Amino acid sequence: MNKYLVTYQPLFISEIAKEIEPNKFETLARGLLLLESPTTPELILSHGIYKVDAIEPIDVDQIVQSIKNLLDKTEGFAIKCRIHGNKDFTITTIEKNSRDIEVQVGTKLEQDGFIVDRKNPTAVILLTLAQNTAFITKSKPTKNPSNTDTNANDNEEIINRSQLKLREAINYFNLDLQNVKTALDIGAAPGGFSNELSKRGIKVTAIDPGKLDPTLANDKNIQYLQIRAEDFAPKEKFDMLVNDMNLHPRESAGIMLVLSKFIKPKAPCVMTIKCPSRNVFHYIDTVKELLKKDFKDFKFKHLPHNKMEITMQTTKT
Ligand SMILES: C[S@@+](CC[C@H](N)C(=O)[O-])C[C@H]1O[C@@H](n2cnc3c(N)ncnc32)[C@H](O)[C@@H]1O
């Protein structure tokens, strides 16, 4: 049986517990649990999932020895340390904060002939400290596929958190936007989703009774209509639909159904399911049940920039 560290939005502890069943798990800290599973679990509510390669007490020499067993002396590596929960460890050979621990452990390994390469590592050692225990994971520097985190790039002007939600959805669901020339964005204001799509060269029709951010006024890719989505009746059909309306999931899905005749077959669609309570699986089931008439291949994920909401990806039939 393998052990996995799972990070998640702490609000959803009881919901993620339902998802994990019948596998065994232990809560290590707020938003961090240790799960036993024969294979890498796929969880809607997880953010990061990391297979644990070694477990040690928080003693620097034991941690270093354990990392030596995982590393090859020819591979450049970087250490990333994260401390969760109480930092008052009973063993005091280790530094107190994560940056100092990275340096302390890295220096000891360097002294033994291992190569620290923080800029261009071929291996990343993730050192997670929680409940007086060190959990060690070796991974490749390429993104952990279950780690969905996306941040704005330096100097990049984004409209809002929602823009990052859509970016995370495109990355996580691996959306192929190559053939997407036009998109319908319902619940578009102030325009994060529209901006993200426009930057990718897509012509967006942005629908919202609320106003778009003034910085988008001169964006030639964005056509803005200040109306409710249910009142929209275009002449064309769109290559993509995105829906971030802050309505009850049942109502929001109902409007998607009304508009589905304006969406081309096989078009990718993204909807944020705004959950009125933590009972996320109830809302997921409700939306799926309603939409299955016109949509297929449903996928769901709680993305790092989601709050009390779940992002759904689906395809127009
Ligand atoms: C969370 S905001 C959307 C954020 C937006 N996706 C972005 O990236 O900036 C929700 C929006 O849904 C809009 N909305 C609510 N009901 C609507 C409806 N019936 N038709 C269109 N938009 C609606 C609200 O006016 C609000 O601007």
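**Cores, domains and a buried loop residue**

Leaving out residues up to four places away in sequence, Ile186 touches Ile207, Ala229, Leu241, Val242, Asn243, Asp244, Met245, Ile255, Met256 and Leu259. This picture comes from a predicted model.

At least three residues of the core come from each of domain 1 (2-139) and domain 2 (161-316).

Helix α7 is worth a look of its own. With 12 residues (280-291) at 1.5 Å a residue, α7 should span 16 Å, and its end C-alpha atoms sit 17 Å apart, so the two values agree. The buried residues of α7 are Val280, Phe281, Tyr283, Ile284, Thr286, Val287 and Leu291. As for what covers the buried residues of α7, the list includes helices α1 (13-20) and α6 (249-259), together with strands β14 (268-274), β15 (295-301) and β16 (309-316).

Next come the two domains. The protein splits into domain 1 (2-139) and domain 2 (161-316), and their centres, taken over C-alpha atoms, are separated by 36 Å. Where they meet, 11 residues of domain 1 are in contact with 13 residues of domain 2. About 1,100 Å² of area is buried between the two, with carbon and sulfur atoms giving 67% of it. On the domain 1 side, Leu11, Phe12 and Ile44 supply 50% of the area buried against domain 2, more than any other three residues. Salt bridges between domain 1 and domain 2 come to a count of 0.

Finally, there is Asn221, found in the loop between β11 (203-207) and β12 (222-225). Its relative accessible area is 18%, under the 20% cut-off, so Asn221 counts as buried. Setting aside neighbours within four places in sequence, Asn221 is in contact with Ser198, Gly201, Ile202, Lys203 and Val204. Thr205 lies 16 residues from Asn221 along the chain, and the C-alpha atoms of these two residues are separated by 8.4 Å.

How values were computed. Residues are numbered from 1 along each chain as its sequence is written. This is a predicted model: local features need pLDDT of at least 70, side-chain atom pairs count only at pLDDT 80 or more; totals for chains, interfaces and linings use all residues. Side-chain values use heavy atoms; hydrogens and water are left out. Helices (H or I, at least four residues) and strands (E, at least two) are DSSP runs, numbered from the N terminus. The expected span of a helix is 1.5 Å times one less than its number of residues. Buried means under 20% relative accessible area, exposed over 50%, partly exposed in between (1.4 Å probe, protein chains only). Contact means heavy atoms within 4.5 Å. Domain bounds come from an automatic or database domain assignment. Buried area is the accessible area (1.4 Å probe) that two parts lose on being put together, summed over both. A salt bridge is a side-chain nitrogen of Lys or Arg within 4 Å of a carboxyl oxygen of Asp or Glu.
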